[in-house]
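Subject: Structure handover and notes

Dear colleague,

I am passing on the structure below, together with some notes that I hope will be of use to you. Please read them alongside the sequence and the coordinates.

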Amino acid sequence: MSREKGVIVPKIKGFLCITAHSAGLKKRVQNQINLVKSKSFKNNNFKNALILGGSTGYGFATSVVFSFGMKANVISVGFEREPQGNRTASSGYYMVEGLNENAKNEGLNYTFHNLDAFSDESKKFIIDEIKSKFGKLEFLVYSLAAPRRTDPDTKEVYSSVLKPIGKTFTSKTVDIYKEEVKEISLEPATDEEIKNTIKVMGGEDWFRWIKFLKDNDVLAPNFRTVAYSYIGPKLTWDIYNDGTIGKAKEHLTNAVKDIDTLIKDINGKSYISVNKALVTQASAAIPVVPLYLSLLYKYMREEGTHEGCIEQMIRLYSENDLLGACNLDKEGRIRIDNFELDSKIQDKILSVWNTVNSENLLQITDIEGVKKDFINLFGFDVDGVDYSEPTEI
Ligand code: NAI
């Protein structure tokens, strides 16, 4: 079917861009595929995988690793907006389309489903897909970042919030487009808001997926599952680790125990991987984080340790033996945030944090790098793309 074409420009609204450039996004997909193909994943030769939250960010990069690195059969689930007339789709829509085109060309088995992963209907649909495509599932990645979730039992809708707990939080943040550093104050979350954020971003739905899959007998022996989390430095703890999202991540981490009990009889194992802070659609929405990222990017680039989603996922699945002995921290988590938390990097960030302002932002931070990463998420400012040419909508 022929698609409308047009010259597409970015339209920024708050921390979102409401347009997406298909050619730019497909170029980004190609870059990720090229990088993955040059790496080896010999320790993790999984033959089939389900990636939840696989249309953007960490989940998308994971799909590239499983498809093009391990040559696994992949089913990916995400929630994306389709194009309508001359209104572009959301960026993940074009990302998965690009991955699908490349997978087809190389004879790989990759399928994307645009579904609400929280619903039981979606779970049942995917179980039928697994049965018809693979028989049994060897690997599940849980990479959802969502603003709300409908409880499948009660149909009540829960919304997550990014708030501190127990005290008002005041800190600096940056408006990346106005290049303005300003103070932000956030009132503490109510008990209800904490509970709701845990409902959306905690481990309840991860456990529910595994239970559904197990009850339907579609988990292969030695089944593995990984969910992604974040901790970060003390500088962001009031809003992240000690805030509502941190409580949800604690709940996600605690789900490991219950999942492991559930899949013990098939020699299954679940893991939390603590990843590095990066510009994604989810993280751009967290106050303070973009300013922290602009310093983190600067010092990690200077140190030669900067990574994007794809480099992080390459490291996760090439350096850890998920069927054998993984390197875990005291709490049993895989840590690929070690370069971010390196004291050399964090000390440098702390040493300038109090002095950074709108006047010196361009000189002392990598705000340009953060801006580029942000606009790249929507397919704009991607190197090698001619933006004067009409692109498919
Ligand atoms: P992202 O916003 O790029 O991706 C979120 C994914 O979830 C997308 O594929 C989206 O379509 C999907 N999704 C949202 N609601 C859905 C629904 N109802 N049904 C199906 N799919 C749905 O976010 P990002 O940053 O890649 O986050 C993924 C995970 O990685 C999250 O758990 C996040 O906390 C974690 N993480 C993120 C870090 C960061 O700095 N971005 C750092 C460390 C961990």
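The notes below go from the whole chain to its open sheet.

Please keep in mind that this is a predicted model, in which local features need pLDDT of at least 70 and side-chain atom pairs count only at pLDDT 80 or more, while totals for chains, interfaces and linings use all residues. Residues are numbered from 1 along each chain as its sequence is written, and side-chain values use heavy atoms, with hydrogens and water left out.

Along the principal axes, the C-alpha atoms fill a box of roughly 60 × 50 × 40 Å. Of the 393 residues, 56% are buried, where buried means under 20% relative accessible area with a 1.4 Å probe and protein chains only. The chain exposes about 17100 Å², of which carbon and sulfur atoms supply 49%; these areas come from the Shrake-Rupley method with a 1.4 Å probe.

Contacts (heavy atoms within 4.5 Å) were taken between residues at least 6 apart in sequence, and 78% of these join residues at least 24 apart. The mean positions of the 51 positive and 54 negative charges lie 3 Å apart, with Lys and Arg counted as positive, Asp and Glu as negative, and His and the chain ends not counted; each charge is placed at NZ of Lys, CZ of Arg, CG of Asp or CD of Glu.

Turning to secondary structure, the chain has 13 helices and 15 strands, which are DSSP runs of at least four residues (H or I) and at least two residues (E) respectively, numbered from the N terminus. Seven of the strands form an open parallel sheet in the order E6-E5-E4-E7-E12-E13-E14, two strands being taken as paired if DSSP finds at least two bridges between them. The edges are E6 (110–114) and E14 (334–335), each of which pairs on one side only.

Although E6 is an edge strand, four of its five residues are buried.

Further in, strand E4 (residues 48–52) pairs with strand E7 (residues 137–142) over four bridges; Ala49 stands opposite Phe139, and Leu50 has Leu140 as its bridge partner. Six of the six residues of E7 are buried.

E7 also pairs with strand E12 (residues 219–229), over five bridges, where Leu137 is partnered by Leu219 and Leu140 stands opposite Thr225. Nine of the 11 residues of E12 are buried, so this strand is largely enclosed by the rest of the structure. E12 in turn pairs with strand E13 (residues 269–274) over six bridges, and Val274 in E13 is the bridge partner of Ser229.

With best regards

Definitions and conventions:
Buried means under 20% relative accessible area, exposed over 50%, partly exposed in between (1.4 Å probe, protein chains only).
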